[in-house]
Amino acid sequence: MSAFPSAEKDTAELNLEANSLSAVPIKPAGQRPMFYEFKPEETVRAAHGTTLRCKTWEAEAALRMLENNLDPAVSLVYDELIVYGGAGRAARNWKEYQVIVKTLKELEPDETMLVQSGKAVGVLKTWAYAPRVLIANSNLVPAWSTQEYFDELDRLGLMMYGQMTAGSWIYIATQGILQGTYETFAAMADQHFGGSLRGTITLTAGLGGMSGAQPLAVTMNDGVCLVIEPIEERVQQKVREGYVDEQARDLAHALVLCEQAKAAGKGWSVGLTGNAATVLPQLLELGFKPEIVTDQTSAHDLMDYIPEGDIDEVLALRAANPEAFKKRALASIVKHVEAILEMQRRGTIAVDYGNNLRGQAEKGGLKVRDSAGQFLYPGFVPGYIRPLFCEGKGPFRWAALSGDPQDILRIDRALLETFPENKMLARWIAKAQAKVPFIGLPARVCWLGYGEREQLGLVINDLVAQGEVSAPIVIGRDHLDCGSVASPNRETEGMKDGSDAVADWPLLNALANCASGADWVSLHNGGGVGIGNSTHSGMVIVATGTPEKAERLKRVLTTDPGMGIFRHADAGYELAQDVARERGAKIPRLE
C-alpha cells in the first residue's frame with residue numbers, strides 16, 4: 001500500500017500548492033504510521049473571523065495556529081503534517097491531529113491539555129490563568145538523545161520531530177526567520193562594509209520554508225544574493241512569493257545577473273537550480289569570490305540534505321535506501337564545507353547560519369576546528385547577534401486570528417508610534433510592508449528587547465479592547481531567542497564562560513512562562529541543528545483585550561526576555577549586566 005493513497009501514481013511528484021515534495025515521504029514508504037484515513041476531506045486552513053469553535057479564545061487561538069501551520073500555503077509537506085525544517089511536524093499523524101482538534105474544542109476554561117510529541121495524552125484541571133496547552137516534543141534522556149534512536153522511535157510512531165515552531169504551533173512561514181536574518185546581515189554590513197551591503201554579493205544555498213529569508217534579507221540590506229537550490233520548483237515558488245527576485249537559466253547566467261546588480265549597486269537576488277556541493281567548487285574554479293558565503297540548507301538531519309546527483313534518482317534513493325542516501329548526503333556536505341573554507345581562505349567572509357552544516361562535515365571527517373577547538377568560521381550568533389541577546393532582544397512575533405491583514409497594518413502603525421526613535425525598526429516595517437507577503441494568517445515579526453515586548457503587548461491588548469483590531473492577537477516568538485535555547489553549535493556557541501551546553505536555561509524559561517501565565521508553553525529537543533544538539537522552549541500568549549489578560553501580558557512579556565538577561569549576565573557579559581541594572585531585572589549578587 002502506498003504511503004500516499006491519494007496520489008495518482010507512486011513516482012515523485014511536486015505539489016506546488018503544498019510548497020514541497022508532498023508525494024515523496026521522508027521515511028521509506030509504509031514505515032512511519034501516518035493514519036491517512038483520518039486526514040480531513042477538506043484541506044486544513046486556519047479559521048478566520050470572530051466565531052469560536054472552542055470554549056475560550058486561548059484554545060481557539062491554539063487551534064487556529066495549529067491549522068495555520070498545516071495550511072498548504074505555509075507548510076512544507078502537507079500530507080505528512082511537515083511544517084518546515086525537513087521533518088518538523090505539527091502533529092504526530094492525522095489520527096492524533098484529529099484528537100488534538102477535538103480536545104481543544106472541548107477544553108474547559110480551567111483545563112490544560114498535555115501534548116507529548118504531537119499526541120494529546122491528558123487533560124488536567126488547573127486554573128483559568130494557567131496555560132491551556134503544554135507541549136513536549138522530541139525530548140529523550142540525554143544518553144539516548146541521538147538521531148538514530150529518535151528515528152527508530154519515529155518510525156514506530158512513538159515520537160515526532162517538532163523543530164522549533166512547527167510542533168509548538170507558532171510558525172508564520174518564512175517571515176518568522178526573516179527579520180533575524182535581516183538583523184544579522186545588517187550587523188555584517190556594519191562590521192565589514194560601512195553599514196550597507198551595497199556592492200556586495202552573498203552566496204548561499206537552500207530555498208525551503210525557512211531558507212527564503214536569506215535572499216530577501218540580503219536585498220533588504222541593499223546587497224546581491226545568489227542562492228542555490230536543487231529543487232527547481234522551490235526556486236520558482238520563492239520567485240512567485242517575492243523572496244527571490246529572478247531565476248537564472250544556468251550558472252553563467254546567474255553570475256552575469258549578480259555582477260550586473262553588484263555594479264549597479266542594486267539590491268537583487270538570483271535563484272539557481274543546482275546543488276551547493278557541485279556549484280561551489282565550480283565557482284572556485286571560475287575564480288568567483290563573493291563577499292559573504294553562508295548556507296541554510298536542511299543539514300541538521302542527513303535525511304533532509306539533498307546530495308549531489310540527478311534529483312529524481314536522489315529522491316528515489318531516499319525512499320528506497322535511507323542509509324545509502326545519508327552516506328551520499330554526508331559526502332556532499334563535506335564537499336560543500338570544503339568549498340566554503342576555501343572561499344574563506346581566499347578572502348570571503350564565511351558565517352554558519354545554524355543548520356549544523358559544520359558539525360555534519362566534521363562527522364564526515366573534515367577538519368572544521370582550529371587547535372583551540374573553535375570552528376574555523378563562526379556561527380551567526382557569536383559573530384553578530386549575541387549583543388542583541390544581551391539586551392533581551394530576539395524574534396518576537398504576532399498573528400491576527402481574524403485573518404484580516406488590516407489588523408497587522410494597524411499594529412504596525414502602533415508599533416512605530418510606540419518606538420518612534422527606533423530607526424532600524426521603522427526601516428524594517430517599511431521594507432516588510434513592501435516586500436513580505438502575508439501567507440496564511442497575517443503576521444508580523446520584529447526584534448524587541450526587555451521592557452519593549454511588555455510595552456507593545458499592552459498596546460496590542462488595548463487595540464483589541466477598543467475594537468481597532470477585529471479579533472484577538474496571538475503573541476509569541478521563535479525558540480531561537482535570547483534566553484530560551486541551549487544550542488552549542490548555534491545560539492550558545494562560544495559563550496564567554498564556556499557554558500555552551502548548559503540546558504538549565506530553556507528548562508527554567510518554560511517553567512517561568514508557565515508560572516507567569518502564558519497560554520501555551522513548549523519544550524523541544526533538536527530544533528534547527530538536529531536531535532541531541534539543542535534544548536529549547538517556546539511561549540505563546542493571546543491578547544484578548546481584557547484587563548486580566550493585560551496583567552498576564554505584563555508578566556509573561558517581561559519574564560520571557562528577562563531569561564535572556566539572566567542567562568547572559570550569568571555568563572559574564574557586561575552588556576547584559578548593565579541592561580539588568582538599567583531596566584530593573586533582579587539578579588541576586590548583581591550590584
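**View 1. A lysine charge over a tryptophan ring.** In this predicted model, K266 places its charged end over the ring of W268, at 4.3 Å from the ring centre.

View 2. The structure as a whole contains 10 aromatic pairs. One of them joins F35 and F38, whose ring centres are 6.3 Å apart and whose planes meet at 65°, so the pair counts as edge-to-face, given that planes over 60 degrees apart fall in that class. F35 is partly exposed, with a relative accessible area of 29%, and F38 is likewise partly exposed, at 34% relative accessibility. The ring of F35 also has K95 lying over its face, at 5.3 Å from the ring centre.

**View 3. An aromatic cluster.** Three residues, Y78, W94 and Y97, come together in one aromatic cluster.

View 4. R477 is found in strand β14, which covers residues 473–477. With a relative accessibility of 0%, R477 counts as buried, because buried means under 20%. The side chain of R477 is joined to that of D481 by a polar contact of 3.3 Å, and to the side chain of N509 by a polar contact of 3.0 Å.

View 5. Across the whole structure, a search finds 0 disulfides. For C390, the nearest cysteine sulfur is that of C482, at a distance of 9.4 Å, and C390 is in no disulfide, a disulfide being a pair of cysteine sulfur atoms within 2.5 Å. C390 counts as buried, at 2% relative accessibility. C514 also takes part in no disulfide, and the cysteine sulfur nearest to that of C514 again belongs to C482, here 17 Å away. With a relative accessibility of 27%, C514 counts as partly exposed.

Methods: Residues numbered from 1 in each chain as written. Predicted model: local features only at pLDDT ≥ 70, side-chain atom pairs only at ≥ 80, totals over all residues. Heavy atoms only, no water. Phe/Tyr/Trp six-rings, centres within 6.5 Å; stacked < 30°, edge-to-face > 60°. Buried < 20%, exposed > 50% of the residue type's maximum accessible area, 1.4 Å probe, protein only. Lys NZ or Arg CZ within 6 Å of the ring centre and 35° of its normal. Helix = DSSP H or I, 4+ residues; strand = E, 2+ residues; numbered from the N terminus. Polar contact = N/O pair within 3.5 Å; in protein donor to acceptor, adjacent residues only side chain to side chain.
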